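Let's take a friendly walk through a protein model together. Have the sequence and the 3D view ready before reading on.

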Amino acid sequence: MTARKAVEKVSETESIHIDGDWRAAQAGGKREILDPADATTLAVVADGGAPDADAAVAAARRAFDEGEWPRTPVAERAALLRRVADLLQRDREEIGLTESRDAGKTLEEGRIDVDDVTAAFRYFADLVAGESGGRVVDAGDPDVHSVVVHEPVGVCAMITPWNYPLLQASWKVAPALAAGNTFVIKPSEITPMTTIHLVKLLAEAGLPAGVANLVTGPGDPVGARLAEHPDVDLISFTGGLVSGTKVAQAAAPGVKKVALELGGKNPNVVFADACATEEGFDTAVDQALNAAFIHSGQVCSAGARLIIEESVRERFVSELAARAQRIRLGRGTEEGVECGPLVSAQQLAKTEAYVASALDEGAVLRSGGERPEPSDVRPADGYFYSPTVLDNCHRRMKVIREETFGPILTVETFRTEDEAVSLANDTEYGLAGGVFSADTARARRVASRLRHGTVWINDFHPYLPQAEWGGFGKSGVGRELGPHGLAEYRETKHVYENLRPAPVRWFSG
């Protein structure tokens, strides 16, 4: 299948899915989806509004209150999730290509995303399939039967980001369905294409109409309406801090459940002993590149802050900058390309502004810091920015404090373990971090002191569907993946049954 044919297959203006039907936006709005590699139109989708959100919520409400899905046995729900996983693998090449074209990542990254999404569906299927009738609680009385059970929350609203559209959708959709909920999902208006494909696969797998609803459109008004809607029981949002704060504020009057993943400013702490051998040095440098520049740094867990021990700083940063300059930029579907474009002109401008701010505040440019020359990248008119290494950074800089979400790596130095920990924890965020050291005791000790939801030792970026994902501080509330990721989509109920009822005689009358 050629790239162009795959794109044509998913291009459509009826991208809103409500109660089993595909439709256009009620107000007739349409939106062009741009290919970030060359700024051409990739697809045209419906640009929904608040009325579309209301209709989708109403469908999800009916499906939950009156439909069969919440009352479907867990074994059957698990079987459907496994069918979805099989369909994802059937369409792996097509979905991977669409993700590459839509989000700008390499084709191999797109394929890996499909595999990770497949793993998420299979994990949550397995997690619920073996469940029984709840947790029996010993009441200390043989005439009492006491059990704690878990029930679906109800109607879930899901708002997903543009950097990992399909993956972030699966982290919400799979546990929500496993728990027996219905939902409305709003993908980013920039990258909706693979979410559209996923909803089609849910229907093909046999999910009843009204359980899965999709509204394509902007955060305001679609996302805002979902957050405040009185018939929504849970709102799950992945995105930026500013938008996430607005979601929480909109949800507060209804006291609905809220799960927020709001990004991070993630440290990568490298001790000198990790570089004591040539193999260790090569590994630490390579991992630092991966931590910062995968998907052009547009990753919530990107290791954008290199915190390096002073004694190896110059050698390490020199080699890091040299390798960064050799990263091959281009369209993600082209052979040999290692890094694609930024997702939009807005993100490109934001990256340029952060670099300019850092240089004004005294940072030293070691590599990048500009758009590549047209002769160095194809296509030449996409949203490309050279991988950038900024040395001599300090914690008061804007580029250190804020999530840049671009190919920018900052360098800070330390002399002692305590100083390294202090630097790594000096952030309002707390999503993820890494520690590189040949001293196992030290690495584990530092990892235990880091206030971040995920800490890697001698690695960066891997995650497991069976392990919780989420952050401390302003990185959000709640967790995705793992048992707690399923628990987010459930309510806990205690059922106390008196097997031998008798009068209490508390009152004499």
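Which element gives the most to the lining of the second largest pocket? The answer is α5, with four residues.

Before going further, a word on the model. It is predicted, so local features need pLDDT of at least 70 and side-chain atom pairs count only at pLDDT 80 or more, while totals for chains, interfaces and linings use all residues. Residues are numbered from 1 along each chain as its sequence is written, and side-chain values use heavy atoms, with hydrogens and water left out. Helices (H or I, at least four residues) and strands (E, at least two) are DSSP runs, numbered from the N terminus.

**Pockets and cavities**

Both kinds of space are found on a 1 Å grid over the protein atoms alone: in a cavity a 1.4 Å probe fits but cannot get out, whereas a pocket is an open set of points with protein on both sides within 12 Å along at least five of seven lines. A lining residue has an atom within 4 Å of a point. A volume is the space filled by probe spheres set on the points, which are joined across faces, edges and corners.

| Space | Volume | Lining by class |
|---|---|---|
| Largest pocket | about 1,200 Å³ | 15 nonpolar, 14 polar, nine charged |
| Second largest pocket | about 530 Å³ | 11 nonpolar, five polar, four charged |
| Largest cavity | about 70 Å³ | five nonpolar, five polar, two charged |
| Second largest cavity | about 50 Å³ | five nonpolar, three polar, four charged |

In these classes, Ala, Val, Leu, Ile, Met, Phe, Trp, Tyr, Cys and Pro are nonpolar, Asp, Glu, Lys and Arg are charged, and the others, Gly among them, are polar.

The largest pocket has 38 lining residues, and Trp162, Phe237, Gly239, Gly240 and Ser243 lie nearest its centre. In the second largest pocket, lined by 20 residues, those nearest the centre are Asp116, Tyr164, Ile294, His461 and Tyr463. Four cavities reach 30 Å³ or more. The lining of the second largest cavity includes Lys172, Trp469 and Glu480, and β11 supplies its largest share, three residues.

**Salt bridges**

Side chains of opposite charge can pair when their charged atoms come close. A salt bridge here is a side-chain nitrogen of Lys or Arg within 4 Å of a carboxyl oxygen of Asp or Glu, and the structure holds 41 of them.

Lys172 pairs with Glu480, their closest N and O atoms being 3.0 Å apart. Lys172 sits in helix α6 and Glu480 in the loop between β19 and α16, so this bridge ties together parts 308 residues apart in sequence. Both Lys172 and Glu480 are buried (under 20% relative accessible area; exposed is over 50%, and partly exposed is in between, with a 1.4 Å probe and protein chains only).

Arg111 and Glu108 also form a salt bridge, at 3.3 Å from N to O. They are three residues apart in helix α5, and therefore separated by about one helical turn. Glu108 is partly exposed, at 41% relative accessible area.

What links Asp273, Glu417, Asp418, Arg442, Arg445 and Arg449? They are joined in a network of salt bridges.
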